[in-house]
Amino acid sequence: MSASSISVRELGFRYPGEHQDALRGLTIDVNAGERVAVLGPNGSGKTTFVMHLNGLLATQSGEVWIGDTPVVESNLMEVRRLVGAVFQDADDQLFMSSVREDVAFGPANLGIRGAELGELVERTLERVGAAGYADRNPHHLSGGEKRRVAIATVLSMDPDVLILDEPTSGLDPAGRRELIDLLSSLTQTQLIVTHDLPLALQLCDRSVIVSDGCVVADGRTPELLANVDLLAEHRLELPLGFDPSRL
Amino acid sequence: MHAPDGFLEPSVAVITAVIAFVAVSAGVRYAGRELGDRQVPLAGVAAAFIFAAQMVNFPVAAGTTGHLVGGALAAVLLGPWVGMLVVSVVVLVQAVLFADGGLTALGYNTLNMAIVTAFGGWAAFVLLRKLMPDTSAGVVGAGAVAAGISVVLSAAAFSIEWLFGATAPVAFDTVFGAMVGVHVLIGIGEAVITGLVLSAVMASRPDLVRGAAHLSADELKVTSRVGFRPFVIGSVFAAVVVGVVVSQFAASNPDGLERVAIDNGFEESATDHALASIWFSDYATAGISNESVSLAVAGVAGICITLLVGGGVVSASRSARRRQTA
Amino acid sequence: MAGAHGSTVSRLFVPGNSQMHRLSPEAKLIAVVAVVAVIAMTPRREMIAFALYALGAWAVIATTRIGVLTYLKRLSVIIPFVMFALIVPFIGGGESVRVLGVSLSVDGLWATWNILAKAGLGATMSIALSATTAVPELLHGMTRLKVPRLLVAIIAFMLRYIDVLVEQLGRMRRSMVARGHDPRWLWQVKPIASSAGALFVRSYERGERVHQAMLARGYTGVMPTVSEQRASTKEWLTVLLCPVGAALVLIMAVV
């Protein structure tokens, strides 16, 4: 499993019919294998930003590179293999009739077939701690199980970059911990959009704050989170009693 | 209605199956052209919605409940081809998985519940839209009335199928009168519910309503409201008028029929039976006091249905082509 | 109408290990459709044929090892037509006969029998199919029978999201009931219809998000191919025994 760097230059974007830019000159460089937390208030453009990384939103201005591969129309298939995105609502990602078919969907689109595909599905499910779930109906999984299987559906494509949008939302504490353990064990470059500041602290050495469509802060997570004023300015707050300096 | 196996003669089952097959195949192709690679998730989720919506118990009177058919609603929301395809999928799944509707009855069930309602409803909608102002309320009003009409068309279609393939000695007149009469009432419910659902969708995402695609942003903002109670009362009144007219035709009131027959020179002669026996089911034509009048009614109903459904298909194909070249 | 469904999609399949369960789905599909077609074409007066069909149906029920109660429960879906069938002799025309002082149409009685027999047998076979075949298997079977992939995919997505939407609808209803809404008349239907409208919007938006998720995993508009395990010749032979048997019964009866 390899990891790629991410390079975003002056990314600008406006949704059709809107009067304001959702992104303005967003610039960021992420090293291969790094884990970066993307923080910021709702509506700041975080999700719009990450949707550019796998070409779900076509670049209007600026550039996006995944390693050596530019994210442009002609490369979309390759980009989508390189970048695995896990969305907020797992039900949007688990759209097939069985877990097996969901995990197989991505690699099948890449041309993998037969026994090789079957083994890949089994391996990936084991990797995320969902071995034996293959024949289950996604509808019947718990929130935490769905989240892990959703990760499996992108992991099976052997991506270099993982994007996760609010991975811990709706999980119970045990599910949350299992997810954090899983993410720590993965070596891909990770961009984690989250409101869960303790998660950011635990998993990501580096954090950025996106506000009003651009990066307004970029630094080591403990330092960023210690800056209470900076956090407050962008509608962020640590949980009551949580003291990052004590960790 | 999800008729079970053997409800109509095999000949009718086979012919309607062929029609349904052709329509659904065309639907898959047209839906693909309209929606591109969004076809699978959108049509799939829309089919799930129609299925779920059909399960909803809508109050009708004194606690009794009715259910939405949804063909016209699907057509106004998604366009007639996608709408027809979506409801056909619902009918198919209901038959195969829930035994709701016979496997050998899929032909006429699909025809009546998906094809006639979607295309007939769409055609009625397009015609009514011309009579209404170019606003959200206009779309809602036209859609609502079209939904009511679509249900009546569906009942008439079934009655005509009964004429050809009845398996019980109940005359076409009786079936037509009863089916259409009852469905005029059901149509009121369908109209009210469709109107309200359309209204709710137009309020939050008018861009999702295919039937409103012709409205500009300004026209969408006009919020002249059709009062709800007057709408219900008006629909009931209209339905009663239609119901009375229809039942005059099909009532086994020999005086009324005979009068029409004598006035128009349709008097029965002994040799007139030849018409019936080859094509039409003996059951459906036996016991009718004046066959020629009944067959004329069937003919008129059949022509109306064909015109509306055909018109819906043509209108749909034309607008599809227009959007492609635009 | 569709409101009578007691089970939603996930409860249709009754897990088990009977022979029917283990048969490949495409074979079962063809067999069921063929048998029901033969039954539907059988002239109603051929009582021997129907007796043999009934025996066959009983054999099928026994083979599925699912329990007669499940069948009876799911057969409730044909009740409206049973009611119609029962009324026919009272309103039907033609020659009549007096039973217990009531005049009943002879043809009408035959029609009642016709509807009940064919509807009952047809529905039973259909229930046997859906109870012994899990949804993903059924869909694979349809694909192997050359049903267009796009259509199968639409059906698959529909089945996947029905339970989700029904749950959402349930939650909307509960919140309305919690606020005291107990509609009994048509003009009180507004909140329910509005929630149906809201459900459509949410469903459509979910459809768009699912589409994004599909694109993100390399979807190009063509559903990826499925495992190619096919039904063996032996399976086809076994399973086609049913419709062939039924056809023989029909031919013997008619000739």
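Two residues are in contact here if their C-beta atoms, placed from the backbone, lie within 7 Å. With that rule, 74 residues of chain C are in contact with 70 residues of chain B. The model is predicted, so local features need pLDDT of at least 70 and side-chain atom pairs count only at pLDDT 80 or more, while totals for chains, interfaces and linings use all residues. Residues are numbered from 1 along each chain as its sequence is written, and chains are lettered from A in the order in which they are written.

**Chain C against chain B**
- Helix 9 (190–216) of chain C is among the elements giving two or more residues to this side, and its 17 residues are the largest share. Helices are DSSP runs of H or I with at least four residues, numbered from the N terminus.
- By class, this side of chain C has 49 nonpolar, 19 polar and 6 charged residues. Ala, Val, Leu, Ile, Met, Phe, Trp, Tyr, Cys and Pro count as nonpolar, Asp, Glu, Lys and Arg as charged, and the others, Gly among them, as polar.

**Chain A against chain C**
- Here 28 residues of chain A are in contact with 22 residues of chain C.
- Helix 4 (99–109) of chain A is one of the contributing elements and gives the most, with 5 residues.
- The chain A side divides into 11 nonpolar, 10 polar and 7 charged residues.

**Inside chain C**
- Across the domain boundary, 6 residues of domain 1 are in contact with 7 residues of domain 2.
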